[in-house]
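User: I have a structure open and want to go through it piece by piece. Can we start once it is on screen?

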Amino acid sequence: MSAFYALLLTVAFLVLIIGLSKKIIQYSRVPAPLKIPVTPAPLTKGGVAVRLAKEAILFAALFRSNKWTWLFGWMFHMSLFIVLLNHLRFFITDVPVLLVLLQNVGEYAAFTMFIGLTGLLVRRIFVARVKYISAPSDYLWLILLMVITLTGIVMRFISHTDIIAIKEFSLGLMSFNWQDLPTDFPLMVHLFLVAILMILLPFSKLLHIPGLFFAPTRNQVDNPREARHISSWAAELDAEKNKVQPK
Amino acid sequence: MADFETPEFREYPTIPLIKQDVMAGKGPFVSRAEFDTDLGYPGELPEDWKEKTLEKMGDLLGRYRSLQVFMDSCIKCGACTDKCHYFIGTNDPKNMPVARQDLMRKVYRRYFTFAGKFFPKLVGAVDLTEDVLDEWYNYYHQCSECRRCSVFCPMGIDTAEVTMAAREILAHVGKAQKYSNQIIQKVYKIGNNLGLPGKALKGILEDLEEEMEDECGVPVKFNMDEVGCEALLMTPSADFFAEPHIDGLIGYGKVLHELGITWTVSSKASEAANFGLFIGSYDNIQKISMRIREAAIELKVKRIIFGECGHAWRVAYSFLNTLAGPFDFLDQSYPIPQHILEVTYGALQEGKLRMNKAENDHLTMTFHDSCNVARASRMGDRPGGQFDIPRAVIEASCNNYVDMDADTIKDATFCCGGGGGLLTDDLMELRIKGALPRMEALKQVTEESGVTNIAAICAICKSQFTKTLPYYGFEMDAIMSVHQLVSEAIVMTGSMQEKELDGVDEEEAESESED
C-alpha cells in the first residue's frame with residue numbers, strides 16, 4: 001500500500017509539473033499579435049504587475065462583479081493558500097518559526113475553506129444561470145476539494161493520524177527513499193484525491209492558475225501609440241508587405 | 001412595425017430569469033459569395049467543412065494567445081452571466097458571455113483537449129456538426145464585441161476575442177455575414193462603408209463650406225484630397241450625411257479652423273471605420289488600415305486626426321501603429337493617431353477656444369461611453385482619459401450635464417446594442433432588445449435629473465440610438481454628437497456669433513438703421 005501511494009504521488013507530481021510546464025510554454029509561445037488590454041489599463045510594466053497582483057490576491061474583478069461569488073471564492077482560495085503553507089512542514093526537516101506560528105491559526109483555515117467550497121457548490125446548484133453553464137466536471141471539482149478538506153479536518157481534529165510517520169513518508173518521497181505510510185482510511189482518501197487533483201490539473205479548468213497571468217487583456221501595457229507592438233507572425237506579414245513609403 | 005415586442009422597462013434592474021432558446025434562429029443574412037471571395041473567403045460551405053473548421057480553429061489557437069488561454073481558463077464562476085446587454089434584453093441563456101464562449105469551448109474541448117477527447121460528457125464537450133456551426137453563426141452574431149464581460153471576468157476572458165475567432169472560422173467555411181462583408185467590399189471598391197463616391201463626397205463638403213459661410217461668416221474649409229494640409233481627417237462616412245453625425249463633422253471643421261489647422265479628407269480612404277475588426281480578420285483589418293497610411297503619404301500630411309467613431313478609434317489607437325506603422329514620416333510631436341477630442345480638449349485647456357455655453361442652455365446632457373473607446377482605447381496621457389476628456393469637452397460646451405448611473409458608464413458602460421457588425425435591419429429585434437439597459441439608465445436620468453439629450457462619440461451608437469430611442473418612448477433626435485455641442489457653442493474669431501456676442505455688430509447696426 002505504501003509503495004502504491006509513493007508511486008502514485010510521485011507520478012502525480014511529475015504529471016503536474018510536466019503538464020503545467022508544457023501549458024505555460026504553450027501560452028508563452030503563442031503570440032499576442034495585437035494590443036488588447038482592457039482599458040483603463042496601466043501605462044507601465046510596474047502598473048501591470050500591480051494590476052495582476054490585485055487580481056491574483058484580491059480577485060478585484062470578481063469583487064466588482066458579484067459579492068457572494070467573491071466572498072466564497074476568495075475565502076476558499078485564501079484558505080487553501082494557508083492550508084498549503086501549513087502542509088509545507090511535511091517537506092521541511094527544520095520547520096521555520098513563522099510556519100510554526102502560522103500553524104496555530106492556520107489549522108482553522110480548513111473550516112473556512114470548506115465553507116467557501118460549500119457556498120460555491122450551493123451557488124452552482126441553485127442559481128439558474130450558473131447551473132445552466134455547469135458541466136458535471138464543475139460539480140465534481142468542488143466535491144473533490146470538499147472531500148479532501150473534510151478528510152483533512154477529520155485527521156486534524158477528530159481521528160488523529162500519525163503525522164510523524166507521514167512526515168517521514170513525505171520526506172522519503174523527495175529522496176526516492178520510500179517509507180511506510182500509516183494506513184488510516186481518511187489519509188488514504190485524502191492522499192488519493194490529492195494525487196487525482198494533481199494529475200488532472202494540467203488538463204482541466206484548473207489551468208486558470210497560469211491562465212490568469214497570461215490573459216493579454218490584463219497583462220499588456222497600454223502604450224500602443226508610444227511603442228510599436230509587433231508579434232512574430234505579424235512581423236513576417238509586415239516584412240512581406242513591402243509597404244508604401246514616402247518618396 | 002415589427003414582429004417582436006420592445007422589452008418593458010424593469011421596475012428594478014434585477015437579473016432576468018433565463019428563457020431558453022428565445023433567440024434561437026438563423027441569425028443575420030449570410031453573405032453572398034461575391035462579397036466573400038473579394039475578401040479572401042470561399043463563399044460557400046466546402047465539402048470538407050468539418051476538417052476546414054477544425055483546421056482554422058487550430059490555426060487561430062496557434063496565432064492568438066488570447067483565444068488559447070481563454071479556451072482553457074474559464075472556471076464557470078458565473079461572474080459574467082448577468083453582464084451582457086443582450087442577455088439582459090433577451091433572457092436567452094446563450095447570450096450569457098460564458099455560454100457564448102462555451103459554444104466554441106465545447107468543440108475546443110472535444111478536439112483539442114485530452115479530457116474532451118476521452119470523457120466528452122464529463123467536461124461538456126460536443127462533436128462538431130453543421131447544427132453546431134449554425135448555432136455559432138446565430139449566437140456569435142448576437143455579440144457586439146463590446147468587452148463589458150471582460151471587465152468583470154476574474155480571468156480577464158474577453159468574449160469579443162472568441163466571437164471574432166468564431167466569425168473568422170465561419171467565414172472560412174462559407175458562413176460569413178452579409179452586412180459586414182458587403183461593407184468591407186465597398187470600402188475596397190469605393191473607399192467607404194456607405195459606398196459614397198468621391199464626386200458625391202466632394203459635393204457634400206462644398207455645400208458644407210457654403211453653409212458655414214452663410215451661418216458664421218467665416219470660410220471654414222472642408223477639403224478633399226487637398227495635398228499639403230497639416231492633417232488628414234479620418235472619420236466615419238456617416239459623418240458626411242447622417243444626422244446627428246454631420247453636425248459633429250461641422251464641429252470638427254470649426255475647431256480645426258479656429259486653431260488654424262488645415263485638414264483634408266481622402267476620397268480613397270474616406271472611412272475611419274474598419275469592419276475587419278468585427279469579422280475578426282487580421283488580414284482585412286490590416287488591408288483597411290493600410291489605406292490610411294497610403295492616404296497620409298499621398299496627401300503629404302503631418303498628422304492624422306480621427307473623428308467620432310468607437311471601433312475606428314480602437315483600431316486607430318490600439319492597432320494602427322502595429323498594422324500600418326511605423327509612422328516616422330509624420331510629425332512626432334503629436335500623438336499618432338490623434339482623436340479630435342484630444343485636439344479640442346487640448347485647445348480648451350490652453351484657452352484657445354472661446355465657448356458660449358448659453359447656446360446649449362435648452363439642453364440637459366448626459367454622455368454615453370461607447371464601448372470600444374471606453375474599454376479598448378485611451379485618450380490623452382492618463383488611463384481613463386477616454387472618460388474624462390469627452391466629459392470635459394461637453395462641460396465646456398454646455399451648462400447642464402448629468403452622468404447616468406455609475407454601473408452603466410465609463411468602463412462599465414453598456415453597448416448601444418448595435419455595435420460589432422450588428423447594425424443591420426435584419427437584426428432589428430436583437431438591436432432593440434439589446435438597447436434595454438442603456439435605455440433604462442437614460443430613462444432614470446430623464447426622470448430624476450431632467451436630462452433631455454444624450455451625446456455619443458461613435459457613428460454606430462448614433463445610428464443605433466436614432467433607431468432605438470423611439471421604441472422606448474424617446475425622441476429620435478435626442479441623440480447628439482459631442483462635437484455638435486461644440487459646434488453650437490464655439491465662437492470663432494471673426495464670426496457673426498462673435499460680433500453678436502460682443503455687441504459691436506456693424507451689420508446689425510446697419511439693419512437697424514434700415515428699419
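Analyst: What follows covers domains, a sheet and cysteines, in that order.

User: Is this predicted or experimental?

Analyst: This is a predicted model.

User: Which domains does the assignment give for chain B?

Analyst: Domain 1 of chain B runs over 33-176, and domain 2 over 184-489. Taken over C-alpha atoms, the centres of domain 1 and domain 2 of chain B are 30 Å apart.

User: How many residues of domain 1 of chain B are in contact with domain 2 of chain B?

Analyst: On the domain 1 side of chain B there are 26 residues in contact, and they meet 33 residues of domain 2 of chain B.

User: And how much area do domain 1 and domain 2 of chain B bury between them?

Analyst: The two domains of chain B bury about 2400 Å² between them, and 57% of that is on carbon and sulfur atoms. In domain 1 of chain B, the residues that lose the most area to domain 2 are B:L39, B:Y86 and B:R148, which together make up 22% of what that side buries.

User: How many salt bridges does the rule find across the interface of domain 1 and domain 2 of chain B?

Analyst: The rule finds 1 salt bridge across that interface of chain B.

User: How many bridges join strand 2 and strand 3 of chain B?

Analyst: Strand 2 (residues 231-234) and strand 3 (residues 263-265) of chain B pair in the parallel sense over 2 bridges. In strand 3 of chain B, B:W263 is the bridge partner of B:A231.

User: Last topic, cysteines. How many disulfides over all chains?

Analyst: The count is 0 disulfides over all chains. For B:C146, the nearest cysteine sulfur is that of B:C371, 5.2 Å away. A disulfide needs the two sulfur atoms within 2.5 Å.

User: Is B:C309 buried or exposed? What about B:C146, buried or exposed?

Analyst: B:C309 is buried, with a relative accessible area of 2%. B:C146 also counts as buried, at 9% relative accessibility.

Methods:
Residues are numbered from 1 along each chain as its sequence is written. Chains are lettered from A and ligands numbered from 1 in the order in which they are written. This is a predicted model: local features need pLDDT of at least 70, side-chain atom pairs count only at pLDDT 80 or more; totals for chains, interfaces and linings use all residues. Side-chain values use heavy atoms; hydrogens and water are left out. Two strands pair if DSSP finds at least two bridges between them. Helices (H or I, at least four residues) and strands (E, at least two) are DSSP runs, numbered from the N terminus. Buried means under 20% relative accessible area, exposed over 50%, partly exposed in between (1.4 Å probe, protein chains only). Domain bounds come from an automatic or database domain assignment. Contact means heavy atoms within 4.5 Å. Buried area is the accessible area (1.4 Å probe) that two parts lose on being put together, summed over both. A salt bridge is a side-chain nitrogen of Lys or Arg within 4 Å of a carboxyl oxygen of Asp or Glu.
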